[in-house]
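Hi,

Here is the structure I promised to send over. Have a look at it first, and then read on for what turned up.

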Amino acid sequence: IEKEKEKIKEEDVIETNENLEDNLEDLDSTTKSRIKQIGIIKFVGELFNFNLLAMKLVSGCLDSLFTVVDEIKKIDDSHSKHFIENCVENICIFTSVVGQRMDSYTL
């Protein structure tokens, strides 16, 4: 009986480890995706800072981000809160990159 209990415990540990590895892979791909997204946002902001993008395009990007947040607020599910947090973080990152230039921008 003791050997059977140990065998069951070992199987549980192995199954738990496999589940943790699967979750780690998912987390890893999500983290990679998020890092890539932030990099793209910063890149677009720097293009604007170096006069390679027009103000109209940058303000359109910000408008789109705010619109996405407003639309997601209308959806009531478990994923919407996380998505809204990501969008707000994107807005903060983008404005931290382009904000000073936008503030001093003259038409």
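Accessible areas here come from the Shrake-Rupley method with a 1.4 Å probe. On that basis the chain has an accessible surface of about 8600 Å², and carbon and sulfur atoms account for 58% of it. Bear in mind that this is a predicted model.

The overall layout is quick to describe. The chain has three helices and zero strands, giving the pattern α-α-α along the sequence. Of its 107 residues, 20% count as buried. If you take contacts between residues at least 6 apart in sequence, 70% of them join residues at least 24 apart.

Now for the inside. In soluble globular proteins, nonpolar side chains tend to be buried together. The largest nonpolar core in this model has 16 residues, and the members that touch the most others are Phe-48, Val-58, Val-69, Ile-91, Phe-94 and Val-98. Helices α1 (2–49), α2 (55–74) and α3 each supply at least two residues of this core, with α3 giving the most, at seven.

Helix α2 is worth a look on its own. Its 20 residues should span 28 Å at 1.5 Å a residue, and the end C-alpha atoms sit 29 Å apart, which agrees. Which residues of α2 are buried? They are Met-55, Val-58, Leu-62, Leu-65, Val-69 and Ile-72. Viewed down the axis of α2, the buried residues fall within an arc of 140°, so they line one face of the helix. On the face turned away from that buried side you will find the exposed residues Lys-56 and Lys-74.

Asn-90, in helix α3 (residues 78–104), has a relative accessible area of 4%, so it counts as buried. Not counting residues up to four places away in sequence, Asn-90 touches Arg-34, Gln-37, Ile-41 and Leu-65. Leu-65 is also one of the buried residues of α2.

Last, the cysteines. The structure holds zero disulfides. Cys-61 is partly exposed at 28% relative accessibility, and Cys-92 is partly exposed too, with a relative accessible area of 47%.

Cheers

Key
Residues numbered from 1 in each chain as written. Predicted model: local features only at pLDDT ≥ 70, side-chain atom pairs only at ≥ 80, totals over all residues. Heavy atoms only, no water. Helix = DSSP H or I, 4+ residues; strand = E, 2+ residues; numbered from the N terminus. Buried < 20%, exposed > 50% of the residue type's maximum accessible area, 1.4 Å probe, protein only. Contact = heavy atoms within 4.5 Å. Core = buried A, V, L, I, M, F, W, Y, C linked by side-chain atoms within 4.5 Å. Disulfide = S-S within 2.5 Å. Expected span 1.5 Å × (residues − 1). Arc of directions from axis to C-beta.
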